Amino acid sequence: MTGDSPYLFYQSRNPRPYLDRGEGIYLYDESGKRYIDGSSGAMVSNIGHSNPRVLAKMKAQMDKATFGYRLHFRTHPSEDLAAKTVSMCPQGLDRVFFVSGGSEAVESAVKLARQYAVATGQGTRYRVISRFPSYHGCTFGALDLTGYEPLRAPFAPMMEGMPKITAPTTYLDRDTLTEEERGFRYAELLREQIEEAGPETVLAFLMEPVGGASTGALVAPDSYYQRTREICEEYGVLLIYDEVMTGAGRTGKFLAAEHWGITPDIVALSKGFGAGYAPLGAIVASSRIVEPVLDAGGFQHGFTYAGNPLACSAGLAVLEELEEQNLIENAARMGDVLKARLEGLMSRYQFIGDVRGKGLLLAFELVADRSTMEPLPRELNAYTRLVEIAYEQGLIIYSRRTRGGYEGDHFLICPPLIVTKAQIEEIMNLLEASLSRFADEIANALPE
Ligand code: PMP
């Protein structure tokens with residue numbers, strides 16, 4: 001039970017204090033205790049909290065109109081945000097559709113893909129191949145595409161199964177292949193799955209370019225990105241990148257896809273796109289996909305709050321902030337600094353098995369044995385325990401224990417993109433203190 005509040009929401013075992021206010025990378029509870037938001041919430045608050053320029057722009061919009069239904073009025077914030085988004089995306093992604101969150105974005109991407117297939121005489125295509133592990137959202141459609149059993153299991157009979165291939169968890173592989181060969185090998189799983197399902201039934205391939213909550217900042221070998229793009233092309237399968245977590249600058253580029261020069265057919269954005277200032281998401285697609293859908297009568301889809309002027313004014317202000325303050329470059333630079341500092345911890349703590357990620361989407365994984373990558377015993381509950389210790393010290397981090405094909409406790413360290421070198425030192429001091437306490441606690445549980 002969570003006390004006498006009627007508010008139904010997820011509670012960790014330790015009830016959390018009331019949030020009072022945020023400022024930059026810091027959050028304060030009602031007792032005045034300060035926390036570093038080391039995970040930007042759930043990788044959301046990319047430009048930090050209470051940014052006065054963003055708030056002023058939102059206030060200016062609030063004073064005019066907070067809502068105008070899209071069938072009744074055009075609005076400048078929605079059109080300006082669409083134009084700004086396209087200007088920040090790679091060429092070829094030139095149409096935008098707004099939603100209010102990540103699951104909505106994923107669902108919308110799949111529905112756009114389906115309507116494109118129907119509009120272009122490819123109505124037999126309906127299967128979306130996704131990966132295991134993965135996370136794509138909590139609505140039925142998005143959950144069906146999610147490769148994370150604990151979340152799917154309670155709803156399993158209610159969902160029609162979509163095929164899944166193994167994501168390239170190459171850091172666990174102990175073969176003699178080169179990175180490039182491993183990337184090709186994992187990409188071939190896509191080809192095999194398309195062939196098995198029947199190419200004429202396959203609509204799209206959906207992937208997180210860098211894993212988020214599912215795999216803890218897992219980056220694939222470069223060859224994987226190139227080859228999966230080629231395979232999609234070869235079979236006429238649409239490539240959808242779920243950039244809900246990676247998008248809007250988090251990995252040091254506006255889209256993570258840019259690291260590999262990939263232009264997906266459809267991209268899902270949310271989280272850092274509204275950066276916590278408004279519930280906001282979007283899909284960005286190429287007009288090659290959108291035009292036939294419009295010609296066939298339009299996109300049969302749309303949420304009531306989609307493109308509302310207040311959320312869009314927030315999104316526009318967030319993107320302007322990213323540009324004007326060079327925050328994407330800062331994410332790339334500070335990401336390198338933070339990653340090197342995290343890698344440095346590996347010599348001190350044998351139980352850190354892997355440090356990975358791109359830009360400021362970084363994670364480390366704890367293991368019992370680095371040479372075999374054997375996970376820590378489940379009973380240790382490392383993924384909750386270390387988070388609790390850090391929280392007590394005033395550092396918020398985000399963790400999961402992945403289950404299924406492999407097990408592992410991973411921890412995402414993803415501060416807002418405004419983070420400075422000095423603040424990274426603050427984060428590292430608190431993290432080291434937390435790890436050292438955690439090490440004392442588990443000393444007896446680890447093998448000699
Ligand atoms: N896709 C990815 C990659 C995500 O990380 C998330 C959220 N963790 C979602 C989709 C779903 O987003 P939301 O919770 O806003 O619906």
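Modeller: Ala 217 is found in the loop between β7 (202–207) and α8 (222–235), where helices (H or I, at least four residues) and strands (E, at least two) are DSSP runs numbered from the N terminus. This is a predicted model: local features need pLDDT of at least 70 and side-chain atom pairs count only at pLDDT 80 or more, while totals for chains, interfaces and linings use all residues. Residues are numbered from 1 along each chain as its sequence is written.

Colleague: Which peptide bond is cis, and what is its omega?

Modeller: The bond joining Phe 132 and Pro 133 is cis, with omega about -5°. Pro 133 lies in the loop between β5 (127–132) and α5 (140–144).

Colleague: How do you know what confidence the predictor places in the chain?

Modeller: pLDDT is the predictor's confidence in each residue, from 0 to 100; the chain averages 94, and 96% of the residues score at least 70. For the complex, the predictor gives an ipTM of 0.99 and a pTM of 0.97.

Colleague: Is the crossing of α4 and α9 left-handed or right-handed, and why is it called that?

Modeller: The axes of α4 (residues 102–119) and α9 (residues 287–295) come within 8 Å and cross at roughly 65°; they are lines fitted to C-alpha atoms over the stretch in contact, with angles from 0 to 180 degrees between N-to-C directions. A crossing is left-handed if the near helix is turned anticlockwise from the far one by less than a right angle, and right-handed if clockwise; α4 passes α9 in a left-handed crossing.

Colleague: Which residues of α4 and α9 meet?

Modeller: Leu 112, Gln 115, Tyr 116 and Ala 119 of α4 meet Ile 289, Pro 292, Val 293 and Asp 295 of α9, a contact being C-beta atoms, placed from the backbone, within 7 Å. By class, this contact has six nonpolar, one polar and one charged residues. Ala, Val, Leu, Ile, Met, Phe, Trp, Tyr, Cys and Pro count as nonpolar, Asp, Glu, Lys and Arg as charged, and the others, Gly among them, as polar.

Colleague: At what angle do α3 and α10 cross?

Modeller: Helix α3 (residues 76–88) and helix α10 (residues 309–324) cross at roughly 35°, their axes coming within 8 Å. This crossing is left-handed.

Colleague: Which residues come nearest to the ligand?

Modeller: Gly 101, Gly 102, Ser 103, Gly 137 and Val 244 come nearest, of the 15 residues around the ligand; a residue counts if its C-beta atom, placed from the backbone, lies within 6 Å. Helix α4 gives the most to this shell, three residues. The shell has six nonpolar, seven polar and two charged residues.

Colleague: How is the chain divided into domains?

Modeller: Domain 1 covers 19–50 + 326–442 and domain 2 covers 54–324, with bounds from an automatic or database domain assignment. Their centres, taken over C-alpha atoms, are separated by 25 Å.

Notes
Contact = placed C-beta atoms within 7 Å.
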